[in-house]
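Welcome! Take a moment with the sequence and the model below, and then we will walk through a few places together.

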Amino acid sequence: MTPPPNAPTNDSAERVIADLRELAALTSTPAGAQRLAWGPVWRTARDWFRKKLSEIKLAPVADAAGNNWITIPGASDKTVILGSHLDSVPNGGWLDGTLGIVTALEALRRYSGGSKPPVTLKLVDWADEEGARFGRSLLGSSAAAASLKLDEIRPLTDAQGGRIEDILRENGVELNSMLDAHQSLKSINAKAYLEFHIEQGGVLESMNKSAGVVLGTFGLQRYMVRFVGQAAHAGATPIAMRKDAFLAAASTALECREIARRYSKPGAGVVCTTGVVKVEPGIVTAVPGVAEISIDQRALDAKILASMVHEAQGASRRFAEENNVTVEWRHLFRIEPRPFDPQLLQLCEESVREITGDAPKLPSGPLHDAAEMVPHMPVVMMFTYSSRGLSHCKEEDTPEDHLQKAIRAFLLLVDKTVAYVASN
Ligand SMILES: [Zn+2]
């Protein structure tokens, strides 16, 4: 059996950064990256990537959803998949998605050319991760995961009125057969899925850490909560006689923050947000008779998320009673938490610690293609530092020394995962 390549070097990291700068120069304007999925600049990015692959005698094969797969066959058909995306939002950054793809390319370089690696390696460039054109994120990966509902996407159009079915066809994808991508995924003897991404938030920067171990992607519960009391004159109505719907809503929003604080532990934060507040009649001289707020709660642990919702509902009833109003909850949206694989988390932790001296753990607020793979195979992600926590904009950046360390840590994770899968 082939020994794993030598430890990842700075040369590898510098090659990745040079490739990323080349791709950015090719696919950006002064306003930022323009690799909008299914458009000409995205296709340019994919052509660039195809050329890079041909230098190491590899070529992509598209599945039925337009995801590009690149394979290095191993001594065993047990497979380690490295995934990310080349598409960007309009006026996006140079690292979102591309960092994962270009680092995975370097991983393939390290395993190509010599004798067969002990296990099969695959790189997948997911199509339309961002959903920036039709509003449906994770399009290609959800087709591969068979969680995509074709009837939900069929009516979608882009800002110019282009129908999704037509635009996909221009790119060689038949909407009605997209879910065949699931058969392709199922035919792989997948033992691990690894994804490398910028954090897109400010946690690693606040700790001055190059890389972090991602525990999973947040689950989410979102509701509209409506309080109904009685509108009344702001001068004539004594405090004790009021049915003030806004005060009940405001107390509930504040209590939701306390609930989030109570359930947050180091490395296992939870969040909640009240982003919508509607008050009626909405004039300065009336006690609010109706107040409606949104409550969006997120956590990595399904039980904790359920408790957070339960406690928020209890608090809203308490505040409704105190303010002499009624309260009703209307469910809007939910996403299941997707915790990552314990064994791969361990390998990720070792890799980050060996290169950077420490291994901070954090959940992912944003969803990623990795979340779609969780029901189908063991998954882990690694994050790197995002300057000022900024992403989806031209300011998106990572200081080069942090970027180099994180790239080396991810390449080490690939080596450790290959060795682990080969021996299990
Ligand atoms: Zn991304």
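Is the crossing in which helix 11 passes helix 13 left-handed or right-handed? Before you turn the view to find out, keep in mind that this is a predicted model. The crossing of helix 11 with helix 13 is right-handed.

Let us stay with this pair for a while. Helix 11 covers residues 342–356 and helix 13 covers residues 400–422. Their axes lie 8 Å apart, and the two helices pack at an angle of about 140°. Angles over 145 degrees would count as roughly antiparallel, so helix 11, at its angle, is oblique to helix 13.

Now look at the side of helix 11 that meets its partner. Sorted by class, the contact between helix 11 and helix 13 has 9 nonpolar, 4 polar and 5 charged residues.

His85 belongs to strand 5 (residues 76–85), while Asp96 sits in the loop between strand 5 and helix 3 (98–111), and the two are 11 residues apart. Both His85 and Asp96 are buried.

Finally, let us visit some details of the backbone. Most peptide bonds are trans, and most residues other than glycine have a negative phi. Against that background, find the bond between Glu280 and Pro281, which is cis, with omega about 5°. Pro281 is in the loop that runs between strand 12 (277–280) and strand 13 (286–287).

For Arg388, phi is near 55°, and its loop lies between strand 18 (379–384) and helix 13.

Is Gln200 buried or exposed? Its relative accessible area is 18%, and because under 20% counts as buried, Gln200 is buried. Arg388 has 62% relative accessibility, so it counts as exposed.

Key:
Residues are numbered from 1 along each chain as its sequence is written. This is a predicted model: local features need pLDDT of at least 70, side-chain atom pairs count only at pLDDT 80 or more; totals for chains, interfaces and linings use all residues. Side-chain values use heavy atoms; hydrogens and water are left out. Axes are lines fitted to C-alpha atoms, for helices over the stretch in contact, and angles run from 0 to 180 degrees between N-to-C directions. Helices (H or I, at least four residues) and strands (E, at least two) are DSSP runs, numbered from the N terminus. Angles under 35 degrees count as roughly parallel, over 145 as roughly antiparallel, 65 to 115 as roughly perpendicular and the rest as oblique. A crossing is left-handed if the near helix is turned anticlockwise from the far one by less than a right angle, and right-handed if clockwise. Ala, Val, Leu, Ile, Met, Phe, Trp, Tyr, Cys and Pro count as nonpolar, Asp, Glu, Lys and Arg as charged, and the others, Gly among them, as polar. Buried means under 20% relative accessible area, exposed over 50%, partly exposed in between (1.4 Å probe, protein chains only).
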